[in-house]
Amino acid sequence: MTVFESVLERLKAEALQAEPEDDAEPITPVPTIRGLTSGFTGPGGNDAFVSGSQAAAAYLDLYEETTPPEPVEPAPSPPPPAPPPHLLRTTPEEVADDLALDGTESVDDLVGLRRRFARENHPDQAPPDMRANATLRMKIANMLIDETIRRINVEKSLGLSR
């Protein structure tokens, strides 16, 4: 027997020997809960155990039936924003109009124009459903700018002035 158990036994014995006062209620021992696992619990006084299913049934007896809440319909999502109108212009003529090439640009002007066009039309900046159009616009713009730069270089090599 451990020291703790011996102290408990001595306290129980003293409590049984002590006579209750006339106006005080008698002290009743509090039942302890004992259990082997979470499936078996019961009061420790009479060594009777209750199975987990019996304990669950006792809890269900206390449970009041409630009606399930009505399902809430989610609020309708707002319509998707309209695509930028310039992304709908995908023909080479329309892209050339957007680039505003007039034939007097230098190579440095064309490089800056390519960067400006990419800032406004890059597929990573476009809405997901318009990325194919943005990619096509970038391909066309790069082709037009590259062709213009090639022509400028050919004219320089031939000694022609612009």
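Is T148 buried or exposed? In this predicted model, T148 is buried: its relative accessible area comes out at 17%, which falls under the 20% cut-off. The residue is found in helix α5, spanning residues 131-158. Once neighbours within four places in sequence are set aside, T148 is in contact with L101 and L110.

Stepping back to the whole chain, there are five helices and three strands. Read from the N terminus, the elements go α-β-β-β-α-α-α-α. Burial covers 14% of the 162 residues. As for contacts with a separation of 6 or more, 50% of them join residues 24 or more positions apart.

Now for the helix pairs, starting with α3 and α4. Helix α3 takes in residues 92-99 and helix α4 residues 107-121. The two pack at an angle of about 110°, and their axes are 11 Å apart. An angle of 65 to 115 degrees counts as roughly perpendicular, so that is the label for α3 and α4. The crossing of α3 past α4 is right-handed. On the α3 side, the residues involved are V95, D98 and L99, and they meet L113, R116 and F117 of α4. Sorted by class, this contact has four nonpolar and two charged residues, with no polar ones.

The loop between α3 and α4 holds A100.

From α4, the contact draws on V107, L110, L113, R114, F117, A118 and N121. Their partners in α5 include A134, R137, M138, A141, N142 and I145, and T148 is on the α5 list too. By class, the α4 and α5 contact has 11 nonpolar, four polar and three charged residues.

M138, found in helix α5, is buried, with a relative accessible area of 11%. Leaving out residues up to four places away in sequence, M138 touches F117, A118, N121, H122 and P123. Between M138 and E120 there are 10.0 Å in space, C-alpha to C-alpha, for a spacing of 18 residues in sequence. I145, with the close sequence neighbours (up to four places) again not counted, touches L99, L110, L113 and R114.

That leaves the nonpolar core. Which residues make up the largest nonpolar core? There are 12 in all: V95, L99, L110, L113, F117, A118, M138, I140, A141, I145, I149 and I152. Helices α3, α4 and α5 each supply at least two residues of this core. The most come from α5, which gives six residues. In soluble globular proteins, nonpolar side chains tend to be buried together. M138 and I145 are both members of this core, and both also belong to the α5 side of the contact with α4.

Technical notes
Residues numbered from 1 in each chain as written. Predicted model: local features only at pLDDT ≥ 70, side-chain atom pairs only at ≥ 80, totals over all residues. Heavy atoms only, no water. Helix = DSSP H or I, 4+ residues; strand = E, 2+ residues; numbered from the N terminus. Buried < 20%, exposed > 50% of the residue type's maximum accessible area, 1.4 Å probe, protein only. Contact = heavy atoms within 4.5 Å. Axes fitted to C-alpha atoms, helices over the stretch in contact; angles between N-to-C directions. Parallel < 35°, antiparallel > 145°, perpendicular 65-115°, else oblique. Left-handed = near helix turned anticlockwise from the far one by under 90°. Nonpolar A, V, L, I, M, F, W, Y, C, P; charged D, E, K, R; others polar. Core = buried A, V, L, I, M, F, W, Y, C linked by side-chain atoms within 4.5 Å.
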